[in-house]
Amino acid sequence: MLVNASSDADLRAEVTRAKRVVVKVGSSSLTTAAGGLDADRVDALVDVLARAAADEREIVLVSSGAIAAGLAPLGFPRRPRDLASQQAAASVGQGLLVARYTASFARYRRRVGQVLLTVDDLTRRPRYRNAYNTLEKLLAMGAVPIVNENDTVATHEIRFSDNDRLAALTAHLVHADLLVLLSDVDGLYDGDPSKPGTSRIPEVRGEADLDGVEIGSTGKAGVGTGGMVTKVEAARIAASGGVPVVLTSAAEAADALAGRPTGTLFPRTGRRSADRLVWLRHASAPHGALHLDAGAVEAVVERRMSLLPAGLTGVTGDFAEGDPVDLLDENGHAVARGLVNFDAREVPRLLGRSTHDLARELGPAYQREVVHRDDLVVLGSR
Ligand SMILES: Nc1ncnc2c1ncn2[C@@H]1O[C@H](COP(=O)(O)OP(=O)(O)O)[C@@H](O)[C@H]1O
Ligand SMILES: N[C@@H](CCC(=O)OP(=O)(O)O)C(=O)O
């Protein structure tokens, strides 16, 4: 991360000015101790968000809680471990969750729109544009998009891993000015906040501010996923892509949106980049790898050129055209990630061949780049 030299007041002013805001709320902030949705907590959050929306702000809500909301109705005493049961709970719970938000926002005469996303929606170019258009349209019509992962079809292999990351990627998708992460704890602490002697960190301007900080990977409520680790990672993703982040509790949402000194502020550390490249870097695990010779590494990394078949020495994994793959140097280190234009089974016949020869032998379709430079991020440039 770059060190940000702005004053505290400047940084908070950026929060206050933010027009388009993505707010993410975790399961632990929406459920009762006994399990199930807590209508009062949903209403309290909606009070804050509806007022912000009335104040000319555009709000996109990324809400967890589908699985938690579906547990009690299906008779699960706790979050089940197996995927099918989680998917069933999410299926029942998502409906209840959105019904609750619909009723709660209706108190302010505001509509909500449910948007369920899968990793593919943020990694495949046409689908990315499609998701963007839908969210833009909802915002233009004054509705509050309520985003969640499409848990009923997500499996361990093809999921965002957590909604904190989904929120960071959504913030990039909609070109947000601010990301607010709401949890059951009022910020990042320098150790387990349930232990005495730990204190809240008001600001994280760079990696040095995280030195020695104990960041837990599980929440105390037992309903959320990822604990603080995923929130700090999401804050990194957003801040490095030019979106400042405030991490605080749902109870302090109003203060956070007003730019008051609450929670932990992660000022933006990078410039806004072409958003598609941000998701490519962070959205998902690569589906395979292409092995490059030294000349191809140089062309891709130093000269930012497209990857051509002539520079390929090998292929691993089972991927389809359009999937994200890693580009490996001769030592097997991933130097770039890109969207590949061929299926894995087609690649062996391309290795080391010139596009000219391939086109002559196999037809003009084989003249295309293996990975186009517009679909490529160099991983060293984080
Ligand atoms: N360094 C830390 N600072 C703050 N909270 C931490 C820290 N390490 C672990 N945690 C735990 O992370 C929890 C939040 O994570 P989680 O339950 O997954 O939230 P959510 O459901 O809101 O996404 C907190 O309740 C806290 O117990
Ligand atoms: N998509 C899941 C939530 C996954 C998740 O990351 O939960 P949380 O840690 O509470 O934000 C659901 O709606 O239950």
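Two residues are in contact if their C-beta atoms, placed from the backbone, lie within 7 Å.

## Basis of the report

This is a predicted model, in which local features need pLDDT of at least 70 and side-chain atom pairs count only at pLDDT 80 or more, while totals for chains, interfaces and linings use all residues. Residues are numbered from 1 along each chain as its sequence is written, and chains are lettered from A and ligands numbered from 1 in the order in which they are written.

## The annotated binding site

The UniProt annotation "binding site", from an unreviewed entry, covers Ser64, Asp151 and Asn163. These residues are spread over 100 residues of sequence but cluster in space, with a largest C-alpha distance of 10.7 Å. UniProt positions are given in the numbering used here, feature names are shortened, and annotations may be inferred rather than shown by experiment.

Aspartate 151 is in contact with Ala66, Ile67, Gln86, Gln87 and Ala90, leaving aside residues up to four places away in sequence. Aspartate 151 sits in the loop between S4 and helix H7 (163–173), and serine 64 in the loop between S2 and helix H3 (66–71). Helices (H or I, at least four residues) and strands (E, at least two) are DSSP runs, numbered from the N terminus. A residue is buried if 20 or more other C-beta atoms lie within 10 Å of its own, exposed if 12 or fewer, and partly exposed in between, with C-beta atoms placed from the backbone. Aspartate 151 counts as buried because it has 24 C-beta neighbours inside 10 Å. Serine 64 counts as buried because it has 27 C-beta neighbours inside 10 Å.

## The sheet

An open sheet is formed by 7 strands in the order S3-S4-S2-S1-S5-S6-S7, with mixed pairing. Its edge strands, S3 (112–117) and S7 (264–266), each pair on one side only. From one strand to the next, the twist averages 20 degrees. Two strands pair if DSSP finds at least two bridges between them. S3 and strand S4 (residues 144–149) run parallel and are joined by 6 bridges; here valine 112 stands opposite valine 144.

Helix H2 (residues 39–54) lies across strand S1 (20–25), strand S2 (58–63) and S4, and runs at about 155 degrees to S2. For such angles, axes are lines fitted to C-alpha atoms, for helices over the stretch in contact, and angles run from 0 to 180 degrees between N-to-C directions.

## Strand S5

Strand S5 (residues 178–183) is mostly covered, with 6 of its 6 residues buried. In a regular strand the side chains alternate between the two faces of the sheet. In S5, Leu178, Val180 and Leu182 point one way, and Leu179, Leu181 and Ser183 the other.

S1 and S5 run parallel, joined by 5 bridges, and valine 23 stands opposite valine 180. S5 is also joined to strand S6 (residues 245–249) by 5 bridges, and this pair runs parallel. Leucine 247 in S6 is the bridge partner of leucine 181.

## Domains

The domain assignment gives domain 1 (8–280) and domain 2 (286–381); such bounds come from an automatic or database domain assignment. Taken over C-alpha atoms, the domain centres are 35 Å apart. The contact takes 4 residues from domain 1 and 4 residues from domain 2.

The UniProt annotation "domain: PUA", from an unreviewed entry, covers residues 288–367. This span is 21% helix and 28% strand, and its end C-alpha atoms lie 22 Å apart.
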